[in-house]
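User: I would like to learn how to read a few features of a protein model. Please give the general idea each time, then the case at hand.

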Amino acid sequence: MSDSYRVSEHPEGDIELKKVRDYSSGDKPSELKSADEEVDLERAIELTGFGWYHIGLIAICGGILVATVCETMGMSFVHPAAQCDLALTTVKKGYLSGAMFLGIVVSANAWGFFADTFGRKKVLLISIIGTWAFSFMSSFSPTTNLFIVLRFLTGLFCSNQSTVYAYITEFLPTSKRASIITWTCGFMAIGYLLIPGLAWLLIPLEVNWDLGFVVYTSWRVYLAAIGSLSFAMGFLLPFFPESPKFLMSVGRKREALNVLRLVYNRNSGNSNVEYPVKNLKSDVHDTPGHVTTPLSFTLQGLFKLMWHQTATLFRPPYGWTTLLFCLIQFGICVTSMGMYIWIPNLLNMIKSGAGIGATICELVLANQANLTLNSASESADCSSLIRSEVYTSTLVTGVFFVVAFGTLGGLVAILRKKTVLVSALFLSGIAGFGNYFATNEITVAVLISVSVALAGSCSTVSNTIAVEVYPTNLRAMAVSLAFTIGRLGIALAGNTIGILIKSYCDFTLIGLGCVTLLCSLLCILLPE
């Protein structure tokens, strides 16, 4: 059994050294003063220990994040593969990229509200199943317009990342929270490996299944495959209970205690009745403003309540902090996820360029000149070929994501989260600037990977800070709001980067580097 300690300060000024134990070995927690002692929720969570239950929780939450990454970022390989089937121009590719993220932007705040009002688990389950259903249907789209509509509907249900953060946070001891959340979010790096891996495995296949209304080709199989991950998570999630903090915040103390007993039993192997906590103390800091009375299920009532909780985030003492988180998420998503969507297309253009020693902008211009010549020829055929080097280069980006998430996950356990966030974003910005000066394909691929992976992993560290700043009744909605603004950045970048980099390549690369450096400076202003 391993022990760790944290210092907590009581309102009276007394300092208490609390012990946090790992009960996975079967040891019992230290005894309370009396069986009837009321215990605050934070201490009660610590007394459940850390063991097999949390390992399972990390796996299911990590799996949901992997499914979300594959669903949102997997379109990066659909663009070049489907351009002949659906006659996709650069503009239509931009619409297709933006459609899903527009759906996420429209619904993210609502999902956060529903999670804070009706429960984390219930909202997660609905959003996961809805994501899979519309994603699967989109793989059968016979036209571009229908495809865009179905991807938008997929995005409406795919705004569950913020709820995942809130859900797992509320099972974790305070002393382990930051590092475990970061490690859990590190599962997203697996998504960045699965995307090119599945694309490389499935898209080159010779698949032509004529269904009458559509010819089901390999890129459709790939789209259905990445969507099936959401279905798998939707099957497993019902085996986990509702968050004890949410149950406490709506006055369901007995159910919260039963959940904690279950967690203790799974972690220690001891009987539920051996859990030392018999009574939970209500935390007044988590209840004001929360819905504890039956809701009026009218559209007007729901919008009014949603507006009230959103407005609370922009009033003291949270207003300035909320604005900072939104701006940082916007910048990170523009420079990381927005750029990632275009990596296969960009690398495909670079591979078609000419000349060793040419910069990335010169290669892009050369590719554009070739396309212009080809389009003037009546014999030119449409090509959906994705070069094998594009798959390998994107896999390299996935490896960088794994390294970035793993490194930051270790650093937040020993350094201040703000220090890690500021430093990583600064390095990402420098790598982004380096793209402008790089003169060979390998250097370009490495610098793009470093800048995108570092910035993307910083989104997790930012959310780790956010879930500790806000109380339970505002936590999911606050992170959802930041995600909403971030996804707005992805939608903007998805529609514009591909166009801008062809006409204003220098401005685009330098601008993305500046945005990342600005985010690094803004992080200095975040609360500790």
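User: Is E170 buried or exposed?

Analyst: E170 is buried in this predicted model, because its relative accessible area is 0% and the cut-off for buried is under 20%.

User: Which residue does E170 pair with in a salt bridge?

Analyst: Side chains of opposite charge can pair when their charged atoms come close. Here the partner of E170 is R120, with 2.6 Å between the closest N and O atoms.

User: How many salt bridges does the structure hold?

Analyst: It holds four. Another one joins K245 and E42, whose closest N and O atoms are 2.4 Å apart. K245 belongs to helix α11 (residues 244-249) and E42 to helix α1 (residues 41-47), so this pair links parts that are 203 residues apart in sequence. Both K245 and E42 are buried.

User: What is the exposure of R252 and E255, which also form a salt bridge?

Analyst: Their side chains meet at 2.8 Å, N to O. R252 is partly exposed at 36% relative accessible area, and E255 is partly exposed at 38%.

User: What does M137 in helix α5 look like?

Analyst: Helix α5 covers residues 120-138 and includes M137. M137 has a relative accessible area of 39%, so it counts as partly exposed.

User: Where is F213, and which residues does it touch?

Analyst: F213 is in the loop between β4 (208-210) and β5 (215-217). Leaving out residues up to four places away in sequence, F213 touches F140 and P142. F213 and S141 are 72 residues apart in sequence, with their C-alpha atoms 9.0 Å apart.

User: Why does the length of α21 agree with expectation?

Analyst: At 1.5 Å a residue, its 19 residues should span 27 Å, and the end C-alpha atoms are 28 Å apart, which agrees. Helix α10 (residues 218-236) also has 19 residues and reaches 28 Å, close to the expected 27 Å.

User: Which residues of α21 are buried?

Analyst: An α-helix has 3.6 residues a turn, so residues three or four places apart point the same way. The buried residues of α21 include C505, T508, L509, L512, T516, C519 and C523.

User: Which residues form the nonpolar patch on the surface?

Analyst: The patch consists of W320, L323, L327, L518, L521, I524 and L525, together with about 690 Å² of accessible area. Helices α14 (319-335) and α21 (505-523) each supply at least two of its residues. The largest share, three residues, comes from α14, and W320 lies in that helix.

User: What is the pLDDT of the protein overall, and where does it fall under 50?

Analyst: The average pLDDT is 78, and 81% of the residues score at least 70. Over residues 1-30 the pLDDT stays under 50, although the model has 70 contacts for them beyond four places in sequence. Residues 373-380 are also below 50, with one contact in the model beyond near neighbours in sequence. Where pLDDT is low, the predicted coordinates should not be read in detail.

Notes:
Residues are numbered from 1 along each chain as its sequence is written. This is a predicted model: local features need pLDDT of at least 70, side-chain atom pairs count only at pLDDT 80 or more; totals for chains, interfaces and linings use all residues. Side-chain values use heavy atoms; hydrogens and water are left out. Patches are made of residues with over 30% relative accessible area and no salt bridge: like charges are joined within 9 Å, nonpolar side chains (Val, Leu, Ile, Met, Phe, Trp, Tyr) within 5 Å. Accessible areas come from the Shrake-Rupley method with a 1.4 Å probe; for residues, only the protein chains shown count as cover. Helices (H or I, at least four residues) and strands (E, at least two) are DSSP runs, numbered from the N terminus. pLDDT is the predictor's confidence in each residue, from 0 to 100. Contact means heavy atoms within 4.5 Å. The expected span of a helix is 1.5 Å times one less than its number of residues. Buried means under 20% relative accessible area, exposed over 50%, partly exposed in between (1.4 Å probe, protein chains only).
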